[in-house]
Amino acid sequence: MATDNLELYEVFVRARRGLDHKHVGSLHAQDAEQALEYARDVYTRRSEGVSIWVVRSRDICASQEDDSESFYDPSDDKPYRHATYYQLPEAVNNM
Amino acid sequence: MSDFDLKTATQEYATRLGDDSVVLGHRLSEWTSNAPFLEEDIALSNVALDYIGRARMYYSYAAELAGNGKTEDDLAYTRDMREFRNLLIHELPRGDFAYTMVRQLFVDVFNTYYLPELAKSSDSTLAGIAQKGIKETRYHLRRSHEWALRLGDGTEESHKRMQRAIESLWGYTHELFDADPLEVQLADAGVGVHNAALRPAWLEQVSEILTEASLTVPKDDWAVRGGRIGYHTENLGHMLNDMQFLHRAYPGCQW
């Protein structure tokens, strides 16, 4: 059996309580339930996690390389969006 | 039973349970690099490792009780086929994927009822091993249950293969609920488990899962036995050839 008829899933693992889920990789599975089990077997066999999310890869809406000029360049010349752009008044100097 | 007898019997029992685990673990490990796809390959190998880990615990305990300087490796790798006491269902060749999964289902449901009983053993080592096995089994059963549904209720071909596997394995499930005098005595002494008492619950859960998967529960019209007295199918010898070759060729080798 090949993986042709299986779905691709992205796997996110929370390493410890208090941390965010982090993308760790992807895998093939027939449904979400099975993806969760395979994620357990493939990505947490050395005690890497306490919680797993799986998401169908095709459900992820991703930005495209082609969009990067229109997405990110316009913010290059707007330094006032960074906190470091502002001089703190004396009064709040110890903030 | 005197203390000495109980100790010898417990040692024999631990060896038997080790045999069950190492033989099934080896059969599962034969899927490594041969499974239908990568993810399932890793999953099956994980289950194999659970069983081999369990075998190590049982064997180490048996070796400790024997107190004759032999180790878990001696038990696993230097005994001949006739000395193995595993139940026959564990030694049958892995067959196709359906066959492997049906066997897992039967064994997983058995362990679902057997291990909690063993966890109550007055022997704290056996109870501890069982306790660890309970958690593993919960996951194993989750997998074999889902595969039974997926394949039983899948395509015409997968259904056919599942039913065929069920028919050819059913006669080997009866032995799971047998007990020879040694096992009965151990159960009476609070160390072992009365296996026969587990069958109704096993049958009920297996029937439920098979029915849910549109599969048919076979009739109890044949049964094969002999593992606990060392009478094996022709398959075990070939398997042990593979499994023991390295240790026999290079005794004590490490990596």
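Is B:Ile89 buried or exposed, judged by the other C-beta atoms within 10 Å? Hold that thought for a moment, everyone.

A word on what we're looking at: this is a predicted model, in which local features need pLDDT of at least 70, side-chain atom pairs count only at pLDDT 80 or more, and totals for chains, interfaces and linings use all residues. Residues are numbered from 1 along each chain as its sequence is written, while chains are lettered from A and ligands numbered from 1 in the order in which they are written.

Back to our residue. B:Ile89 is buried, because 24 other C-beta atoms lie within 10 Å. (Buried takes 20 or more other C-beta atoms within 10 Å of a residue's own, exposed 12 or fewer, and partly exposed is in between, with C-beta atoms placed from the backbone.) You'll find B:Ile89 in the loop between α3 (72–77) and α4 (97–118) of chain B. Helices here are DSSP runs of H or I with at least four residues, strands are runs of E with at least two, and both are numbered from the N terminus.

Who are its partners? Leaving out residues up to four places away in sequence, B:Ile89 touches, among others, B:Arg103, B:Phe106 and B:Val107, and also B:Leu169 and B:Tyr172. Contact means that the two C-beta atoms, placed from the backbone, lie within 7 Å.

Now take α4(B). Of its 22 residues, 17 are buried. At 1.5 Å a residue, α4(B) should span 32 Å, and its end C-alpha atoms are 30 Å apart, which agrees; the expected span is 1.5 Å times one less than the number of residues. There is a bend of about 30 degrees at B:Asn111, taken as the angle between axes fitted to the seven residues ending there and the seven starting there.

Zooming out, chain B has nine helices and zero strands, and 42% of its 255 residues are buried. Its radius of gyration is 18 Å, which agrees with the value near 18 Å for a compact globule of 255 residues. That radius is taken over C-alpha atoms, and the globule rule is 2.2 Å times the number of residues to the power 0.38.

And chain A? Two helices and three strands, in the order β-β-α-β-α. Its radius of gyration is 21 Å, well over the 12 Å that the globule rule gives for 95 residues, so chain A is more spread out than a compact globule. Buried residues make up 16% of those 95.
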